[in-house]
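Visitor: I would like to learn how to read a protein structure. Please take me through a few features.

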Amino acid sequence: MKLKTKIFYACCSALCAVGGLSAQQKIQQASVKDRGLVISLKNTDRNTILDTDGLYQCKIEMGEIVRYSFLRMKNEEKKTTENTTKLNVVNKNNLQKLQDTLLLGYGKPKVADKTVAAAAQVAGKDIARTPNANLLDALQGRVAGLLITTPSGHPEAQSSAQVHGRNSFSTAGLSQPLYIMDGVPVDSSIITMLNPADIERIAVLKEAAATTIYGARAANGVILITTQHGQRNQRPTISINQQVGFSSITSATRNFFDNLATPQEYMNYWLKKSPNEVIQAGKLIDGVADDAAASAAKILRKYPYHTRWDKLFYRNAVSFSRTDVSVAGGSRNASYYLSFGHLNQEGTLKNTDYQRYNLSLNLEVQATQWLKGGLSTSLVHTDAQQRVAKKGAEADILSLPFYSPVDENGNRKDYIPSVLGQEKGFYHPDYWAEKYPSNELTDQVLPIGYLIIEPIENLSFKTQAGIQYNVTEGLAKTLPSFVDYHLGNPTVGAVSRSQSKAILTTYTNLLEYDFGIGSLHNFSVLLGQESIQTVNKFYQAQSQGQPTDDLSMLTHGNLNLAVADNKSVITFNSYFSRIAYHYKNRYFLELSGRRDGSSSFGKNNRYANFWAVGAMWKLKEEAFLQNAKWLNELNLRLSTGLSGNANWGNYPNRTLFTANQYYKGRNGFFTSSLGNPDITWEEQQKTSIGLNAVLWNNASLELVCYDSQVYRILSTRGTNSMSGYTTFPDNVGQMQNRGVDLTLSAKVYRSQTEGVSVTPYVNLNYNQEKVLALSYGKQYNIAGDVGYRVGEPIEWALPVFKGFNTDGNPEWYLAGEEEKTTTDFNSATLAQLTGKKLTPPLNGGFGCNITYRDFDLELNFSYSSGKYLLNEDKFNTYNPQFFGGHNFNRELLNQSPLAHRDSRLLEDASFVRLKSLMLGYTMPQYILDQLKFFKALRLYASARNVFTLTQYSGADPEMAVGISAGGYPPSKQFTLGVELKF
């Protein structure tokens, strides 16, 4: 139910002030219990609880004060007198929807329209129904300025996130945002470890006024995760959510395999290109060298099959299930939330199944009027099967179609010999998976505890501690029963076992005081201190010589024993403050500052200062707009600030040595990496101006323009090789991201009589990226397939293909010399900027929510424009090197091979994707009242990655690694679900 901006609480029947008489009061608000209303008598231990009808009873003496405590709002008090017959209570804080209450940058929750720092939020219910293990994948296309990419279809695949563009010259992982869960920093593994049903909401902080208070690592944005909590004075509510469904590879991936050549097309191509190779292959069958056509016919007679290897490698309609059970409630002074979750998702590739178990407990206790405490604990266990990487021709997805995976009796072939001989064959993918088993077991414990002391009104001290403890055990084997069909060599069994531990510990102390001067000036002051330590430990042990599959532990092997381990420690220590002020509930000003220290830097650069200034003007409160009935809200926001980033390895300021090698028979020290004692903080100066409005009570608009400049980018700088290394860590350059976010939603049609509503939405981000400076004053640099030029965005760098000359030979443009070409291919000397941006400039999403009586339909699209991707599969399927090798794309029948890795492989990968589709039915309340069993019942069907519109010819426009290079294509999912509440 939508809550009005002012809530009128009427207490029906008088509060009797004499003789301890009792009175029965009725609160005129249907969702008051959800709002956590607590009714008590000031300076006493007496309070009361609402019944199911919102009624309560209590004994009140004349002159006592009745206190109404609202969830996350300022309390209201009313004093009883002899003449009291009715108490009218108005929440002066303008009670909002729950999702409009924000927890931003430490301290108490704030009302959204009274906070300078803005945030984009996604409700927990929109995430809880996600039919996969990845939380970020559910956010794709829902938040303007947040670019989500999921490059793999593995059930436990991690997504990458970028807020307002790329901020690093190095890998995209260094542009990852900071993740905060219930006020405690956590690492990015949380996005696949946390149960979506345990999330109340996710907020994305993009502006300096919101992120700078987090200091280090906040330069790339902040993602706040708030988990579910119980409510005080709430009877126990049991919730059950059950999903079942199946997954298959997408139609785009199937289309990729549909375009591979048939056996006859393959043979026709080679008869034309190299008939002698066909003759030689035919001769291997019977020793007779027939002509090319006869040899081709002979080969097809021996191999009269047409096998779709993709249907053998990728399983169709693999199962998915998720079960979530929770119970929530609370007494007068305490609340609780307990949940259990289980996810079981089979991978489309065999031996890539994934299981996850979650157990969560959140407790909050109001011990006294001045002391409150809370404890939340999350326990996670995952079991992820891993597929061992291919070696050479083993388990090759591009195998020739005229081979068969079974013999004449229908039994599986463990090994499929090649037309070129036994040693050129390949293993059946199932056999390979069976003989090279591998899996990872992960356990995570995440306890967070806090105490809040309020010695006087409006003054609070909060101390909080959180620990994220991860243990991952990996096991990989080569079973002794594996047969080497290639060369016939005996197989030596092998086992590798590893364990990694990560302990992220955070201690936070906060002091906050709210006060006013008169009725017009209001202040909130926050002081804080925080310490963060990350300890990583790793060990690995290996052995060979295991005698049998059943005796295949480390101890069973006595050959090539090896042990390795390492440890790293990173610490942060921070002090911060914030002052917020508002005048007449109309003008808002916020100042924040933070001093961070990091062990990643030397003593001379260990500490850095960060700051932010933000302001908001509520224009609707001005006289010239108060009579504008069509305008409900209009806020203008402005913020600027400096934030930092220290994410560059463990010890970039130190030159490291290793002592695990021998020199002249003695243990010696060798340099393992170069350090830089002068390396310092990366800094980002960000300024934004935004306008948000609510129109006609059913349309909202938010427009934000931003300019971000990153200084002293953490990367590597080239040096001479006298030390044995050619690079060392340093601050090397400067970048700029400038763009706009737009979010628009409106209820374009609503009929209460017909029970129909239609609410479309659209959001977009357009970002202009620019390199402002490079190391050593360079104007131009190329590293691998990536190119940098001052004044331009980061681009793809490849040899640029011109075409074919009159002799039919390919030509390429010379690097740095316009119009000059060469027929001699050299990827190192010909590589140059292609003009194709590495990061797409336009990204966003759109969709629509439609309701009809008790039915609801939700569609969510994501899109990306100006995206380019290097199609490695095109190189591997348009470049057949010899007869009997790999299959190719049938388009090659009408064009020349792509024998070189150049700009022809760079394709437009812009796309529009129907990310999710959901149809639901909610049982009407009158039926539930008749059943007298359920509080709520909802049935729904959903689909994910339904279809993709793109011109990209590869398997998927988000796959960074091609299928032919071992990439895992994404899947589409279909589920049925039921939600029950008791």
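Guide: The turns below go from the whole chain to a pair of helices and then to strands. Keep in mind that this is a predicted model.

Visitor: How many helices and strands does the protein chain have?

Guide: The protein chain has 13 helices and 56 strands. Of its 982 residues, 51% count as buried. Take the contacts between residues at least 6 apart in sequence: 68% of them join residues at least 24 apart.

Visitor: How do I describe two packed helices?

Guide: Two numbers are used, the angle between the axes and the distance between the axes. Here, helix 5 (residues 263-273) packs with helix 7 (residues 292-302) at an angle of about 155°, and their axes are 11 Å apart.

Visitor: Why are helix 5 and helix 7 called roughly antiparallel?

Guide: Angles over 145 degrees count as roughly antiparallel. With an angle of about 155°, helix 5 and helix 7 are therefore placed in that group. Their crossing is right-handed.

Visitor: Which residues meet where helix 5 touches helix 7?

Guide: From helix 5 come Pro263, Gln264, Met267 and Leu271, and they meet Ala292, Ala293, Ala296, Ile299 and Leu300 of helix 7. By class, this contact has 8 nonpolar residues, 1 polar residue and no charged ones.

Visitor: Now the strands. How do strands of a sheet pair?

Guide: They pair through backbone hydrogen bonds, either parallel or antiparallel. In this model, strand 45 (residues 801-804) and strand 46 (residues 810-813) run antiparallel and are joined by 3 bridges. Phe801 stands opposite Trp812 in strand 46.

Visitor: What do strand 45 and strand 46 form?

Guide: They form a hairpin, with 5 residues between the two strands. Gly808, in the turn, has a positive phi of about 85°. Strand 46 is also joined by 2 bridges to strand 47 (residues 821-822), again running antiparallel. There, Tyr813 has Thr821 in strand 47 as its bridge partner.

Visitor: In what order do the 4 strands of the open sheet stand?

Guide: The order is 42-43-44-48, and the pairing is antiparallel. Strand 42 (780-783) and strand 48 (831-837) are at the edges with a single partner strand each, so one side of each has no neighbour in the sheet. On average, neighbouring strands of this sheet are turned by 40° against each other, direction ignored.

Visitor: How many bridges join strand 44 to strand 48?

Guide: Strand 44 (residues 795-799) and strand 48 are joined by 4 bridges and run antiparallel. Ala797 stands opposite Leu833 in strand 48.

Note on methods: Residues numbered from 1 in each chain as written. Predicted model: local features only at pLDDT ≥ 70, side-chain atom pairs only at ≥ 80, totals over all residues. Heavy atoms only, no water. Axes fitted to C-alpha atoms, helices over the stretch in contact; angles between N-to-C directions. Parallel < 35°, antiparallel > 145°, perpendicular 65-115°, else oblique. Left-handed = near helix turned anticlockwise from the far one by under 90°. Contact = heavy atoms within 4.5 Å. Nonpolar A, V, L, I, M, F, W, Y, C, P; charged D, E, K, R; others polar. Pairing = 2+ DSSP bridges. Buried < 20%, exposed > 50% of the residue type's maximum accessible area, 1.4 Å probe, protein only.
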